Structures are given as C-alpha cells and as structure tokens.
Amino acid sequence: MAEVYDLLFGGPGKESLAGCKDIILQATQALLTNDVDEHALFDYGPAVGDPEVRHQLAEFLKIQYNDNVESDNLFITAAATQGIHLATTVLMSKDAPIFVEDPTFFIAHGMFQRDYERRVIPVQTDDDGIDLDVFERLLQETPAPTETKYPFRRMLYVMTVHHNPKGSCLPPEKCRRLVYLARKYDVLLFGEDVYDLLTYTEDGVPPLRLLAYDNKEDPDYRGHTISNCTFSKIFSPGLRLGWIETSPRIIQMLRDCYTTASGFCFNHYVSRVVGKALELGLVQTNLARLRKLYGEKIRAACRRLRENQTPVSFMEPKGGFFLWLKLPENINGEKFQEKAKAENLLVMAGSQASMCGNYKNFIRISISVIPRDKIEQGMDKLSELIRSFMPDDNTDYLRQRASAYRSSYHYCITTANAKHVPVLCFIYHDDLLAGIGN
C-alpha cells in the first residue's frame, strides 16, 4: 500500500498524542485516591465550571500568556466547537449578521451558513489580517437588528493569533481598532484562540489575544470580546474540553441560558481530571513537548521548500499548524488538490477557506499529522508536483513576475534543482533568503 502524506488535517498525529494515556491515568488516580467528594465529582457540575478547575486553568494561562487571567472570567465548554455554537445561538438574535475573514477556518463559515442559517458577510484581508477599513464600511452598509434584547447586533468571527489558514498575527494597532469598532457598532468579537498556546518562539509566549485589548479599565468598557479556546490542540481532542474567557456580562448570559440550565457544566468529570493534570504540571510538560515537536516540523517544512527552490511564496508562521502557499498563477488550487490526492499527497485548496471561492491559486498545508521524519519527503513530493504544473520553460514568466517585486526584493532565476526547471528566488535587501515565490 502506497504511503500517504497527510498535509491536510489540522489535528494531532500519533506523535502528538503519545503520552496522553499516562497523563490521564496519573491525573485520574490522583483525583480519585484523594479525599474527593464523590457526589460533587459525579453529579451535575457548577454551570460555569468547577471553581478549582477554573482556578488551575487561570493560573496555567497567566504563565502561558504572561498576562492576567481571572478565574471568574472563565466558562468551561465541551471544546471550541461548542463555544461557536453557544455564541451563535445564545448571545445574539437570529437576524444579526455574522462577519468572517476571507479566508477563514473553512468549517466555521459552513457552520454559520448551513447549520445556523445565518447571514454571513466575508471581509477581505491583507498580509496582517482583516482589512479594518473594509470592515467598518461593511458595518455601516449591512442592516442589523435595531430592536433586540441582546447587547450585540453583529458578530465578527476572527483569528488574531496564528491564523487558520494564513498563519499571520494581527498587529496591536489593528486589535485596538477592532475593539473600538466593536464598541461603536455593538459587535461581538469572537476570537478563535485555539492556536495561541502553540507559539514556537524561544519563550513560547504568544502575542496578546484580542480579549486583552478590550480593557476593563477603559471608561467605555462593557465587554465585547470572547476568547474561545480548547484542549484539543494542546492535549487531546478526544476529551472534548475547552473554555471561554470573556467579560462578566457574557459569562452571565452563558450561565443563565436554557442550554446551560439543562446540563450545567458541559463536561464536568473530564474537566476535573484535566484540572488535576494542570495542578500536577502534566499538561504544561506535554505542551512544552508539543511546541518543540510542531516548531521543528514547521521550520523543517519551510526550510525544505526553500532548499527545493519550490515556486511558491509563503510567510513562515511563528505558531499554529498551517502554511499558506501561493502557487504560480497558472495553477488552480482545486485541480492541484485533486492531482495531489491521486498521488497520495493530501492538501487543501485555498478556495475552500473562502466563502466567495477566492484564493484559487493558493493551498493550505498542515504539519500537525505528518510524522517529523517524513516532513522532508512530504515537501519534496509537494515541490515536485508543483513543478509538474509549470511550463517546460518558464523563465520568461518568472522574469515578468519578478518585475513586480524589484522595489522590495532582490531576485534571481536559477535552474539549480533536480529537474533544472527555472525557479524564481526572492531575497530581502538584508541578503537573508526570505522565501521562494512567483
């Protein structure tokens, strides 16, 4: 059976989940062998989550974020997907429009449109993230409910740290302006922060989450922001456990809704086990291991693409799972995806991340599933397939494309590769090899 190179799935591989059994076993034994209140452990849990679990989680996040986190602002969920469901169904009326970035997490805009039958408006992005001038214009132009019992008349689903699929982080000045617009236009800012803790810098501290810019010390503070998080990326998706960090008024809305009243804490027992794992430092040790593993994999992937002089352009992310590759303009991402699948290479066409079908010459690749020792082979296979779509002699094409970058880059056209196909290399003016592109 031919080997499959999975560069598609944004979840853990076997390497990532190694050791989870021992963590759960150790935490469970510690939880059950102590003088535990059996009734409290196996009954319905407190609506917002067990106080000790939220305390351990807050202490964990303070260190990881290098920022203040209050346990009273945490609400335990059954992972990030439920966070989306709660915000969409509990915090605003059905006629409130939902804005999404273009591109965005492809399942999210499908959930909003198909599952919840909401009006969804895409907002274009630039290299940094969401284009805020366009966003404000759309806020002004898009009808929103004028009379509603809810405090929010619109919602923005946004990723400001390690974006999926782009891998970018929104600059602080844009985060501040987003909060300003949210307060001005009654927008719920739904920050999808599932990759924040997978930061591959030396200290591992991510950029500030959007919630941190919604400062409660501001005179016009009311609390417009949600930070939606999960243990799925940093521990195990099978646990179905996550949390929302948000303002007191949103916590109250989540606590008092009928959905919560029906079952109280959504994953109480598992949260108690993970809370004990946090107390014992087991989640922290596992997170450090994952950062090292994923960081090595994403750096290896970028390095190999450069070594292969692959005719794509990309930004090397500082966290998350994904590389967002711009292919030469003559390559259609959907056709490339089909051809790649036939050759046992799984990737995602960029147009799938756009509800408008944009980004036709982009693909998203994920480093999370493929084993570390297969990364280079996967990138070699990807590079070879991209070149198979190129004309036999593409030197004139590359020279034409390079002219657009003369002001910012040095470039050269080289045939120093296995197939002796002309390839364009971009080099920043500081003479560091920055990337390969069309």
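1. Basis. The model is predicted, so that local features need pLDDT of at least 70 and side-chain atom pairs count only at pLDDT 80 or more, while totals for chains, interfaces and linings use all residues. Residues are numbered from 1 along each chain as its sequence is written, and side-chain values use heavy atoms, with hydrogens and water left out.

2. Overall make-up. The protein contains 15 helices and 15 strands, where helices (H or I, at least four residues) and strands (E, at least two) are DSSP runs numbered from the N terminus. Of its 438 residues, 56% count as buried, buried being under 20% relative accessible area, exposed over 50% and partly exposed in between, with a 1.4 Å probe and protein chains only. Among contacts (heavy atoms within 4.5 Å) between residues at least 6 apart in sequence, 74% join residues at least 24 apart.

3. Seven strands are arranged in the order 2-8-7-6-5-3-4 with mixed pairing, two strands being paired if DSSP finds at least two bridges between them. Strand 2 (74-77) and strand 4 (120-124) are at the edges with a single partner strand each, so one side of each has no neighbour in the sheet. On average, neighbouring strands of this sheet are turned by 25° against each other, direction ignored, the axes being lines fitted to C-alpha atoms, for helices over the stretch in contact, and angles between N-to-C directions running from 0 to 180 degrees.

4. Two strand pairs. Strand 3 (residues 98-102) has 5 of its 5 residues buried, and pairs with strand 4 in the parallel sense over 5 bridges; Val100 has Pro122 of strand 4 as its bridge partner. Strand 7 (residues 225-230) and strand 8 (residues 242-246), by contrast, are antiparallel, again over 5 bridges, and Cys229 is bridged to Trp243 in strand 8.

5. Helix 4. The 15 residues of helix 4 (residues 51-65) should span 21 Å at 1.5 Å a residue, and the end C-alpha atoms are 21 Å apart, which agrees; the expected span is 1.5 Å times one less than the number of residues. At its start, a side-chain oxygen of Asp50 comes within 3.0 Å of the backbone nitrogen of Glu52, and just after the helix Asn66 has a positive phi of about 55°. Its buried residues include Val53, Leu57, Phe60 and Leu61, and among the elements covering the buried residues are strand 2, strand 7, strand 8, helix 11 (268-279) and helix 12.

6. Helix 12 itself has 26 residues and reaches 37 Å from its first C-alpha to its last, close to the 38 Å expected, and is followed by Gln309, with a positive phi near 50°.

7. Phe336 and Asn361. Leaving aside residues up to four places away in sequence, Phe336 touches Leu327, Ile331 and Leu382, among others. Asn361, in the loop between strand 11 (348-349) and strand 12 (362-366), counts as buried at 15% relative accessibility.

Notes. A polar contact is a pair of N or O atoms within 3.5 Å; within protein, one must be able to donate a hydrogen and the other to accept it, and residues adjacent in sequence count only if both atoms are side-chain atoms.
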